[in-house]
Amino acid sequence: MSFYYFVASLPALNLSAPPAMPFATFRAEVERLLPRSVGGALDALVAGRPADSAFARDWADHEVQLRNAVVRARAARRDEDASPFLRPAHGFQLAVEQAVNEAYGKPNPLERELALDQVRWNAADELSLDSAFGLEAVLAYGLKLKLAERWAGLTDQAGQSALLDAVKEVRTAAEVSTADG
């Protein structure tokens, strides 16, 4: 199967709606229908490991710039120096800095995180524009699918479960500390 047919067959994604297929199904279809190297590139990309493609390098650069902008925004809120926490980045996009500043103007952390993931979503789209039906489109779709899955999993029930797990972990650590002391 060619990239064109594969990409054209993918269901539409929306950051604010659960995806029509899980990432595992998408990954299996990539393995089944596309060259093996595509699966390896996709795995490296979503795991944040270095990958050997221009798209992956551009994505990593964008992510570093985004995270650096977040560090600067957080440091500014605390009136602290951000420089010890900044990572070297290739290139600079004023739009990313502005988007992070807008995100940090949101009234609550959930809206802030959604705004930051929207920046990531838009970056994936922009990075795949030159190859709307090629490798870059498949990689961008995989990134966007992971983002959509993340937001679909942020339910009240999942939050409650995470909170209970964290409380249990703190209690266990406190009990161990008390027993050792």
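Helices (H or I, at least four residues) and strands (E, at least two) are taken as DSSP runs and numbered from the N terminus. The model is a predicted one, in which local features need pLDDT of at least 70, side-chain atom pairs count only at pLDDT 80 or more, and totals for chains, interfaces and linings use all residues. Residues are numbered from 1 along each chain as its sequence is written, and side-chain values use heavy atoms, with hydrogens and water left out.

The protein chain holds eight helices and zero strands. Read from the N terminus, its elements run α-α-α-α-α-α-α-α. The C-alpha trace spans about 65 × 35 × 30 Å along its principal axes. The chain has 181 residues, and 35% of them count as buried. Here buried means under 20% relative accessible area, exposed over 50%, and partly exposed in between (1.4 Å probe, protein chains only). The accessible surface comes to about 11,300 Å², and carbon and sulfur atoms contribute 54% of that surface. These areas come from the Shrake-Rupley method with a 1.4 Å probe; for residues, only the protein chains shown count as cover. Contact means heavy atoms within 4.5 Å. Among contacts with a separation of 6 or more, 68% join residues 24 or more positions apart.

Two packed helices are described by the angle between their axes and the distance between the axes. Axes are lines fitted to C-alpha atoms, for helices over the stretch in contact, and angles run from 0 to 180 degrees between N-to-C directions. Angles under 35 degrees count as roughly parallel, over 145 as roughly antiparallel, 65 to 115 as roughly perpendicular and the rest as oblique. A crossing is left-handed if the near helix is turned anticlockwise from the far one by less than a right angle, and right-handed if clockwise. For residue classes, Ala, Val, Leu, Ile, Met, Phe, Trp, Tyr, Cys and Pro count as nonpolar, Asp, Glu, Lys and Arg as charged, and the others, Gly among them, as polar.

Helix H4 (residues 54-78) packs on helix H5 (residues 94-103) at an angle of about 45°, and the axes lie 9 Å apart. H4 is therefore oblique to H5. The crossing of this pair is right-handed. From H4, the residues His62, Gln65, Leu66, Ala69, Val70, Arg72 and Ala73 take part; they meet Val96, Glu97, Val100 and Asn101 in H5. By class, the contact of H4 with H5 comprises six nonpolar, three polar and two charged residues.

H4 also packs on helix H6 (residues 109-127). Their axes come within 10 Å and cross at roughly 155°. H4 is thus roughly antiparallel to H6. This crossing, too, is right-handed. H4 contributes Phe55, Asp58, Trp59, His62, Glu63, Leu66, Arg67, Val70 and Arg77, while H6 contributes Arg112, Leu116, Val119, Arg120, Ala123, Ala124 and Leu127. The contact of H4 with H6 has nine nonpolar, one polar and six charged residues.

Alanine 54 lies in H4. At 42% relative accessibility, alanine 54 is partly exposed. Its C-alpha is 24 Å from that of alanine 99, which is 45 residues away in sequence. Aspartate 79 lies in the loop between H4 and H5. Its phi is near 55°, a positive value in a residue other than glycine. Aspartate 79 is exposed, with a relative accessible area of 72%.

H3 and helix H7 (residues 135-152) pack at about 40°, with axes 10 Å apart. The two helices are therefore oblique to each other. Their crossing is right-handed. Val38, Ala41, Leu42, Leu45 and Val46 of H3 make the contact with Leu135, Val138, Leu139, Gly142, Leu143 and Lys146 of H7. The classes are nine nonpolar, one polar and one charged.

Leucine 45 belongs to helix H3 (residues 36-47). It is buried, with a relative accessible area of 7%. Beyond its neighbours within four places in sequence, leucine 45 is in contact with Phe55, Ala56, Trp59, Leu139 and Leu143.

Leucine 15 is found in the loop between helix H1 (3-9) and helix H2 (23-33). Leucine 15 counts as buried at 6% relative accessibility. Neighbours within four places in sequence aside, leucine 15 is in contact with Leu114, Asp117, Gln118, Trp121, Leu147, Ala148 and Trp151. Glutamate 97 is 82 residues from leucine 15 in sequence and 21 Å away in space, C-alpha to C-alpha.
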